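Please open the structure in your viewer and keep the selection tool at hand.

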Amino acid sequence: MKSLGSIRRSFAPWSDPAAKPYIVFENVTKRFGDFTAVNDLSLSIFEREFFALLGASGCGKSTLLRMLAGFDEPTSGRILLDGQDLRGIPPYKRPVNMMFQSYALFPHMTVENNIAFGLKQEGMAKADIEKRVADMLKLVKLEQFAKRKPHQLSGGQRQRVALARSVAKRPKVLLLDEPLGALDKKLREETQFELMDLQQELGLTFVVVTHDQEEAMTMADRIAILDKGEVMQVATPTEVYEAPASRFVAGFVGNVNMFEGKVASRDAGSARISGGNGLTIKTENAGDASAGSDVVFAIRPEKIKVSSKKPADAEANVAEGEIYDIAYLGDMTVYHVRLADGQVVKASSLNAVRISEDPLSWNDRAWISFRPDAGVVLTR
Amino acid sequence: MNSSWSRFNITSIVLGFAFLYLPIVLLVVFSFNESKLVTVWGGFSTKWYGTLFQNKGLMDAAWVTARVGVISATVATVLGTLAALTLTRYTRFRGRVLFSGMVFAPLVMPEVITGLSLLLLFVAVGLDRGFLTVTLAHITFSMCFVAVVVQSRLLTFDRSLEEAAMDLGAPPVKTFFQITLPVILPAIVSGWMLAFTLSLDDLVIASFTSGPGATTLPMKIYSQVRLGVTPEINAACTILIAVVAVGVIAASVVNKRREVQRLRDEQAAQRG
């Protein structure tokens with residue numbers, strides 16, 4: 001398989017064996033009574049990285065963040081920041097700051113006092129505080145709101161104040177707990193890019209917790225996908241999407257079609273997988289699947305072509321079916337094609353032209369096809 | 001819904017309010033009675049207010065009541081707030097259920113029992129009954145009211161505010177005084193006012209625990225009434241009613257204004 005790198009810059013310290021990780025979780029376990037929130041988890045995050053912890057609620061991602069901030073201590077294992085063991089260091093002495101999901105703005109203080117709060121705790125000189133606060137207000141474009149109280153701001157403005165307050169102390173690491181969760185969709189998309197710009201500008205390490213895969217894919221250099229307190233995969237957005245490590249990851253991130261089958265034959269990187277439905281799939285991304293083993297072949301909907309006639313491409317995998325459902329989304333159309341054995345395959349096609357040359361309708365006979373390198377074989 | 005005034009509605013409102021306020025109105029009216037006889041109207045006069053302020057016994061009692069009220073309300077507020085904090089924050093210590101039950105028991109305990117048991121205690125430890133014992137007794141029974149008021153505020157308090165303060169470098173004590181306390185202050189203030197009011201109008205517990213030289217106003221009024229109601233007493237009561245009414249009205253006006261202002265701010269913020 002061709003390597004899938006980071007699409008952003010040439011920033012990839014995780015693939016450099018000499019690079020020293022900045023934050024290290026070492027066999028961290030956290031139990032609350034009988035409930036294990038984080039289970040023997042190890043993870044490394046590098047300096048200046050934009051790192052996302054992605055998972056459904058209850059997967060332990062917020063607990064990880066809280067342990068990093070110092071609100072919870074690990075039951076066992078250790079957390080290192082820049083080589084220093086954080087155990088026993090209270091939150092008010094850690095060089096990390098957090099932006100809370102609820103923003104946690106102090107309701108009895110003005111915007112500028114909210115931002116200045118952390119600086120005052122440091123004992124910074126008054127003139128310096130004023131200057132820093134002014135800089136921060138400018139950074140988040142809230143200069144004219146300095147004297148307002150939090151309840152006099154809109155949701156988006158509150159989010160900016162919370163952000164300004166958490167970066168005002170120039171922490172080594174900024175922790176963001178669902179930073180965009182309370183914003184509406186449009187504002188969220190804008191703010192994603194602003195957060196990325198801000199991270200570049202300040203050169204900070206960001207660790208963001210989110211349940212929104214799109215958000216994680218857009219912003220992060222690397223994503224850790226968590227489930228039940230364990231790491232399922234740590235990789236760049238491209239890798240997570242195109243080369244998921246397991247069925248769970250493939251199903252969690254984006255849409256996917258999965259075909260169960262047995263490896264009929266394999267050589268070098270490629271293999272033939274025969275499904276129970278008589279369908280044989282040629283693939284070039286067989287991974288470490290051994291001949292005869294039970295595997296799953298996963299393929300994303302946009303990599304499957306739908307046509308009314310049998311495609312001429314001899315290399316491609318083809319199967320005949322019937323159009324079962326059509327979802328027209330404007331920018332693309334998702335076809336649900338039912339194959340002979342009853343399995344429904346999702347295939348999406350970009351509406352690059354306004355009127356399709358090969359219109360398909362409900363219950364039409366149709367062919368699906370995909371290239372041998374379009375999907376991956378999953379053994380786990 | 002029919003919002004017009006039907007005869008039935010008017011009748012029920014008149015009856016209801018008469019039931020509630022007729023006695024008080026009578027008292028206020030007769031405080032302006034010229035005649036010394038309480039039940040016979042002898043023309044309008046404010047002279048009883050004048051003699052009231054010259055009545056040393058009543059004025060002394062009023063002064064004692066005020067001091068007892070302020071001191072007991074303040075101490076009860078501190079203790080009650082601490083109890084409320086403990087009960088909401090440290091939810092997993094042994095005996096929490098027992099502790100919270102014990103804090104709130106005096107709410108439903110008959111006053112006679114509270115008063116009698118305090119009297120027995122003071123006698124047992126050899127504490128002379130007087131100003132100190134009344135104040136202690138008032139602290140005891142008003143503390144739980146403060147705890148209830150403050151606790152209900154703390155239950156809706158967003159703990160992440162405190163975490164944010166600590167995250168920004170404020171140690172726990174500083175966090176408490178700079179963040180927690182200012183945010184829950186309105187509840188603490190209303191707890192104080194409640195404690196003060198309770199102390200102001202308590203008769204039963206004060207009768208048990210007070211001694212010579214520490215007669216509170218309710219005790220004084222009660223003892224004078226047993227010798228016969230005088231227009232002077234009516235005047236004293238009218239003043240008390242006025243003080244309470246002004247306090248309640250002022251508090252609700254301030255609250256209402258703040259609410260309106262808040263709503264307006266929020267709407268302005270929504271518009272951007």
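This is a predicted model: local features need pLDDT of at least 70, side-chain atom pairs count only at pLDDT 80 or more; totals for chains, interfaces and linings use all residues.

How many residues of domain 1 of chain A are in contact with domain 2 of chain A? Four residues of domain 1 meet five residues of domain 2. On the domain 1 side of chain A, the residues that touch domain 2 comprise two nonpolar, one polar and one charged.

**Second stop: a pair of helices in chain A**

Select residues 111-122 of chain A, which form α2, and then residues 126-139 of chain A, which form helix α3. Two packed helices are described by the angle between their axes and the distance between the axes. For α2(A) and α3(A), the angle is about 130 degrees and the axes are 10 Å apart. An angle of this value means that α2(A) is oblique to α3(A). Their crossing is right-handed.

Now display the side chains at this contact. From α2(A), show A:E112, A:I115, A:A116, A:L119 and A:K120; from α3(A), show A:I129, A:R132, A:V133 and A:M136. By class, the contact of α2(A) with α3(A) contains six nonpolar residues, no polar residues and three charged residues.

Display both chains. Chain A and chain B each give 21 residues to the contact between them. Which elements of chain A give two or more residues to the side that touches chain B? They are β6 (96-99) and α2 (111-122) of chain A. The largest share of this side comes from α2(A), with four residues. The side of chain A that touches chain B has 11 nonpolar, eight polar and two charged residues.

Select residues 62-252 of chain B, where an unreviewed UniProt entry places the feature "domain: ABC transmembrane type-1". This span of chain B is 82% helix and 0% strand, and its end C-alpha atoms lie 26 Å apart.

The unreviewed UniProt entry also places the feature "transmembrane region" at several spans of chain B, including residues 97-125 and 233-254. Select these two in turn:

- Residues 97-125 of chain B are 90% helix and 0% strand, with the end C-alpha atoms 30 Å apart.
- Residues 233-254 of chain B are 100% helix and 0% strand, with the end C-alpha atoms 32 Å apart.

Notes:
Residues are numbered from 1 along each chain as its sequence is written. Chains are lettered from A and ligands numbered from 1 in the order in which they are written. Two residues are in contact if their C-beta atoms, placed from the backbone, lie within 7 Å. Ala, Val, Leu, Ile, Met, Phe, Trp, Tyr, Cys and Pro count as nonpolar, Asp, Glu, Lys and Arg as charged, and the others, Gly among them, as polar. UniProt positions are given in the numbering used here, feature names are shortened, and annotations may be inferred rather than shown by experiment. Axes are lines fitted to C-alpha atoms, for helices over the stretch in contact, and angles run from 0 to 180 degrees between N-to-C directions. Angles under 35 degrees count as roughly parallel, over 145 as roughly antiparallel, 65 to 115 as roughly perpendicular and the rest as oblique. A crossing is left-handed if the near helix is turned anticlockwise from the far one by less than a right angle, and right-handed if clockwise.
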